[in-house]
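Here is a quick tour of one model, with an eye on strands and aromatic rings. Have the viewer open while you read.

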Amino acid sequence: MEVVIKTLAFVLVFGLLVVFHEFGHYIVARWMGVQVLSFSVGFGPVLVRWVRGPTEYAIRALPLG
């Protein structure tokens, strides 16, 4: 059970780091005047998708990058 909890904690923390890292790319691009057409967390099949303005936001199945 302890291994499962540690694994889930690692995946959660790693996922949050990935989100923060990717958001950094997104916000700097916006500040520089680059039109961002898509912002996704993870890769693979789309789990959740929404559009706001010209940008499509998505959460994908594999939260690794």
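## Hairpin and rings

Let's start with the hairpin: S2 and S3 make it up, two residues sit between them, and Gly53 in the turn has a positive phi of about 65°. Keep in mind that this is a predicted model.

The two strands, S2 (residues 43-52) and S3 (residues 55-62), run antiparallel and are paired over seven bridges. Another handle is Gly44, which belongs to S2. Its C-alpha atom is 5.8 Å from that of Arg60, although Gly44 and Arg60 are 16 residues apart along the chain.

How many of the ten residues of S2 are buried? The number is zero, so S2 lies largely in the open. Gly44 itself comes out as partly exposed, because its relative accessible area of 34% falls between the 20% and 50% cut-offs.

Now for the rings. A pair of aromatic rings is described by the distance of the centres and the angle of the planes. The structure holds six aromatic pairs. Two of them are set out here:

| Pair | Centre to centre | Angle between planes | Type |
|---|---|---|---|
| Phe10 and Phe14 | 5.9 Å | 15° | stacked |
| Phe39 and Tyr57 | 6.3 Å | 65° | edge-to-face |

Take the stacked pair, Phe10 and Phe14. Both residues are part of helix H1 (residues 2-31), and they are four residues apart, about one turn of the helix. Are they buried or exposed? Phe10 counts as exposed, with 57% relative accessibility, while Phe14 counts as partly exposed at 35%.

The edge-to-face pair is Phe39 and Tyr57. Phe39 sits in strand S1 (residues 38-41) and Tyr57 in strand S3, so this pair ties together parts that are 18 residues apart in sequence. What about burial for these two? Phe39 has a relative accessible area of 14%, which is under 20%, so it is buried. Tyr57 is at 15% relative accessibility and therefore counts as buried as well.

Phe39 and Tyr57 also turn up in a cluster: ring pairs link them with Phe23, Tyr26 and Trp50.

Methods. Residues are numbered from 1 along each chain as its sequence is written. This is a predicted model: local features need pLDDT of at least 70, side-chain atom pairs count only at pLDDT 80 or more; totals for chains, interfaces and linings use all residues. Side-chain values use heavy atoms; hydrogens and water are left out. Buried means under 20% relative accessible area, exposed over 50%, partly exposed in between (1.4 Å probe, protein chains only). Two strands pair if DSSP finds at least two bridges between them. Rings of Phe, Tyr and Trp (its six-membered ring) pair if their centres lie within 6.5 Å; planes under 30 degrees apart count as stacked, over 60 as edge-to-face and the rest as tilted.
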